[in-house]
Each structure stands twice: as C-alpha cells, then as structure tokens.
Amino acid sequence: MTARPSPGDLLVVDGRASVQFAGDRALTFRVVSVCDQPTYAGWIWLTGYVLDRRGQATAKREIYVQLAGLRVVSRMVSECRRQSEVCSAAS
C-alpha cells in the first residue's frame, strides 16, 4: 500500500508491516484514525480495532507500521464480513 489508509479501511497487518506482527501474530485491522504526527519515512501510526474471523472487534489498538507492508482486504471480503448472511446465501 502506498496511499495512507483512511478510517474504515480493512487491512491485513503482518510481518511485512512490522516484525511484531510476523507469523501467527498477524491480524486483520479496521482503521479508526490515522495519526498526522511526523514519523520516520514510510512508517505510520494507526488506531483501530483488531477483528476476529467473524469480523467482530476484539480489541482496540494503536499500531506503528510500515506503510508499504500494509495490504487492503478486498472489498468483497469486507462486505461479506459485514453481511455474512447475505454472502452465505449467495454461495
């Protein structure tokens, strides 16, 4: 990802974004806010919610990650998480 995330974006945060999220510590993250304070080039502070496999928020966190390592979850997947009954019926 090269553009700054926006509130509402659903991201995969793994070892590409920061070593602390490598392996089984990777998470799905719904962005609530993006800090405007200057940081090291290519790094960014994000506030948001960690989501479980069902798309339910389990914890609010503030994370410091490399922008280039963030991956956006596809819109179709994020819509399915919000409207699981509709997606289940469509399959």
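User: What does the side chain of D14 make a polar contact with?
Analyst: The side chain of R71. The two side chains come to 2.6 Å in this predicted model.

User: Where is D14 found?
Analyst: D14 is in the loop between strand 1 (10-13) and strand 2.

User: Is D14 buried or exposed?
Analyst: D14 is buried, because its relative accessible area is 11% and the cut-off for buried is under 20%.

User: What else does D14 touch?
Analyst: Leaving out residues up to four places away in sequence, D14 touches F21, A22, A26, G69 and R71. So R71 turns up here too.

User: Which residue stands opposite R71?
Analyst: V12 does, with R71 in strand 5. Strand 1 and strand 5 pair in the antiparallel sense, over two bridges.

User: Step back a bit. How many helices and strands are there?
Analyst: The protein chain has two helices and five strands. Reading from the N terminus, the elements run β-β-β-β-β-α-α.

User: What order do the strands take in the sheet?
Analyst: The order is 4-3-2-1-5. The sheet is open, has five strands and pairs in the antiparallel sense.

User: Which are the edge strands?
Analyst: Strand 4 and strand 5 (71-72). Each of them pairs on one side only.

User: How many bridges do strand 3 and strand 4 pair over?
Analyst: Nine, in the antiparallel sense. Strand 2 and strand 3 are antiparallel as well, with six bridges.

User: What do strand 3 and strand 4 form?
Analyst: A hairpin, with five residues between the strands. In the turn, G55 has a positive phi of about 85 degrees.

User: And G48, what is its bridge partner in strand 4?
Analyst: R61. G48 sits in strand 3, where V31 stands opposite it.

User: Tell me about V31. Which strand is it in?
Analyst: V31 is in strand 2 (residues 27-34).

User: Buried or exposed?
Analyst: V31 is buried, because its relative accessible area is 2%, and anything under 20% counts as buried.

User: What is V31 in contact with, away from its neighbours in sequence?
Analyst: Setting aside residues within four places, its contacts are P5, S6, P7, G8, D9, L11, T47 and G48.

User: How far apart are V31 and L10?
Analyst: They are 21 residues apart in sequence. In space the distance is 6.5 Å, C-alpha to C-alpha.

User: New topic: aromatics. How many aromatic pairs are there?
Analyst: The count is two. W43 and Y64 form a stacked pair, 5.1 Å centre to centre with 20 degrees between the planes. That pair links distant parts of the chain: W43 is in strand 3 (residues 43-51) and Y64 in strand 4 (residues 57-66), 21 residues apart.

User: How is the pair of W45 and Y64 arranged?
Analyst: That pair is tilted. The centres are 4.7 Å apart, with 35 degrees between the planes. W45 lies in strand 3 and Y64 in strand 4, so this pair ties together parts 19 residues apart in sequence.

User: How accessible is W45?
Analyst: W45 is partly exposed, with a relative accessible area of 33%.

User: What do the ring pairs link together?
Analyst: They link W43, W45 and Y64 into a cluster.

User: What about the whole chain? How much of it is buried?
Analyst: Buried residues make up 30% of the 91 residues. The accessible surface comes to about 6,000 Å², and 52% of that belongs to carbon and sulfur atoms.

User: How many of the contacts are between residues 24 or more positions apart?
Analyst: They account for 45% of the contacts with a separation of 6 or more.

User: What is the mean pLDDT?
Analyst: The mean is 86 for the protein chain. Of its residues, 80% reach 70 or more.

User: Where does pLDDT stay under 50?
Analyst: Over residues 85-91. The model has two contacts beyond four places in sequence for that stretch.

Note on methods
Residues numbered from 1 in each chain as written. Heavy atoms only, no water. Phe/Tyr/Trp six-rings, centres within 6.5 Å; stacked < 30°, edge-to-face > 60°. Helix = DSSP H or I, 4+ residues; strand = E, 2+ residues; numbered from the N terminus. Buried < 20%, exposed > 50% of the residue type's maximum accessible area, 1.4 Å probe, protein only. pLDDT = per-residue confidence, 0-100. Contact = heavy atoms within 4.5 Å. Polar contact = N/O pair within 3.5 Å; in protein donor to acceptor, adjacent residues only side chain to side chain. Areas by Shrake-Rupley, 256 points an atom, 1.4 Å probe, with all protein chains shown as cover. Pairing = 2+ DSSP bridges.
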